[in-house]
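Please look through the sequence and the structure shown below, and keep both at hand while reading this report. The sections go through the strands, the helices and the surroundings of the ligand in turn.

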Amino acid sequence: MTTTAPILKLDHLGMTFPGHPVFNDLNLTIHRGEFWSIVGENGVGKTTLMRTILHQLRPTTGRVHYLPTSSTVRIGYVPQFRNIDADYPLSIRDFVGLNLTGWKLPWLSRRERARVTDILAQTGLAQLVHRPIGQASGGEKQKAYLAQALVERPNLLILDESTASLDPVTKTELLDLVQKINQQMALTVLFVTHDIPMARRYAEQFLMLTPQGSEQGPIAQLTDQKVWHEEAQHV
Ligand SMILES: Nc1ncnc2c1ncn2[C@@H]1O[C@H](COP(=O)(O)OP(=O)(O)OP(=O)(O)O)[C@@H](O)[C@H]1O
């Protein structure tokens with residue numbers, strides 16, 4: 001469900017680490033409900049761009065605008081697979097509810113608990129709510145990260161190579177769920193990936209970062225030729 005309302009605007013965005021330019025003069029407008037794939041070879045700056053969008057990094061030039069105002073944009077972030085210690089002392093249910101506790105009460109309200117239960121069911125974790133998160137499989141942990149991001153009802157979801165280590169079935173399950181919420185609730189999605197077939201299957205637009213600059217457009221224009229050409233230039 002794409003709308004015409006912009007949610008995120010990158011305005012002449014540039015980032016240089018000391019002695020190392022990453023991207024420069026990046027301009028992009030993303031509308032509510034759009035599903036974008038962010039692609040590009042290793043080290044080209046995809047995660048740096050996501051961290052800049054999250055305001056974890058200050059750009060060297062330009063600005064990131066949340067629209068209509070910063071208070072209307074709620075961002076969910078699902079990282080690349082990271083292992084969790086086997087003795088981490090939280091169940092999957094507690095892990096998913098972690099971000100909901102805090103400013104008002106140190107425990108969840110009834111409504112918040114219902115929200116966690118609902119999202120655990122949607123992500124296929126309903127049978128595993130009491131399993132210690134450290135003992136869950138890699139795929140189950142990634143589902144829990146996704147559930148943790150979704151439980152806060154974001155309107156912008158960043159998947160930062162979040163499906164990279166998953167088997168095809170689990171990857172498809174997760175992306176099907178994200179697509180469903182994208183279509184039903186106008187969730188805006190930024191899907192950082194090296195998986196071009198999955199990018200084509202789920203995204204409507206792409207942004208390709210290259211060492212020379214960037215390219216963006218409808219996903220149909222992300223041809224194999226374009227991807228291989230880019231990779232062949234830098235092997
Ligand atoms: N805090 C930092 N200080 C200095 N250089 C950094 C910093 N963070 C990232 N870089 C460098 O910036 C470049 C872009 O890194 P980034 O992680 O954004 O690439 P990427 O496209 O996400 O790569 P990959 O596909 O391998 O995950 C790399 O050369 C990286 O070493």
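## A covered strand and its parallel partners

Strand E3 and strand E7 (residues 188–192) run parallel and are joined by 4 bridges, and in this pairing Trp36 stands opposite Leu190 in E7. It should be kept in mind that the model is a predicted one. E3 also pairs in the parallel sense with strand E8 (residues 205–210), again over 4 bridges, and here Val39 is the residue that stands opposite Met208 in E8. In general, the strands of a sheet pair through backbone hydrogen bonds, and the pairing may be parallel or antiparallel.

How many of the residues of E3 are buried? The strand, which spans residues 35–39, has 5 of its 5 residues buried, and is thus described as mostly covered. In a regular strand the side chains alternate between the two faces of the sheet. In E3 both faces are covered, with Phe35, Ser37 and Val39 buried on one side and Trp36 and Ile38 buried on the other.

## An open antiparallel sheet

Another group of 3 strands forms an open sheet, in which the order is E2-E1-E4 and the pairing is antiparallel. E2 and strand E4 (61–66) stand at the edges of this sheet, and because each has a single partner strand, one side of each is left without a neighbour in the sheet. From one strand to the next, the twist averages 15°.

E1, which covers residues 6–17, pairs with E4 in the antiparallel sense over 5 bridges, and it pairs with E2, also in the antiparallel sense, over 8 bridges.

## Helix H1 and its buried side

Helix H1 lies across E1, E2 and E4, and runs at about 125° to E1. Within this helix, which spans residues 46–53, the buried residues are Lys46, Leu49, Met50, Thr52 and Ile53. Why can these residues be placed on the same side of H1? They cover an arc of only 160° around the axis, and therefore they lie on the same side of the helix. Just after H1, His55 takes a positive phi of about 65°.

## The surroundings of the ligand

The residues around the ligand are Phe17, His20, Val22, Gly40, Asn42, Gly43, Val44, Gly45, Lys46, Thr47 and Thr48. The elements that give two or more residues to this shell are strand E2 (20–31) and H1, and H1 gives the most, with 3 residues. When the shell is sorted by class, it has 3 nonpolar, 7 polar and 1 charged residues.

## Asp94 in helix H2

Asp94 lies in helix H2, which spans residues 92–97. Is Asp94 buried or partly exposed? A residue would need 20 or more other C-beta atoms within 10 Å to be buried, and would be exposed with 12 or fewer. Asp94 has 16 C-beta neighbours inside 10 Å, and so it counts as partly exposed. Asp94 and Pro68 are 26 residues apart along the chain, and their C-alpha atoms are separated by 33 Å.

Note on methods. Residues numbered from 1 in each chain as written. Predicted model: local features only at pLDDT ≥ 70, side-chain atom pairs only at ≥ 80, totals over all residues. Arc of directions from axis to C-beta. Near = placed C-beta within 6 Å. Nonpolar A, V, L, I, M, F, W, Y, C, P; charged D, E, K, R; others polar. Pairing = 2+ DSSP bridges. Axes fitted to C-alpha atoms, helices over the stretch in contact; angles between N-to-C directions. Contact = placed C-beta atoms within 7 Å.
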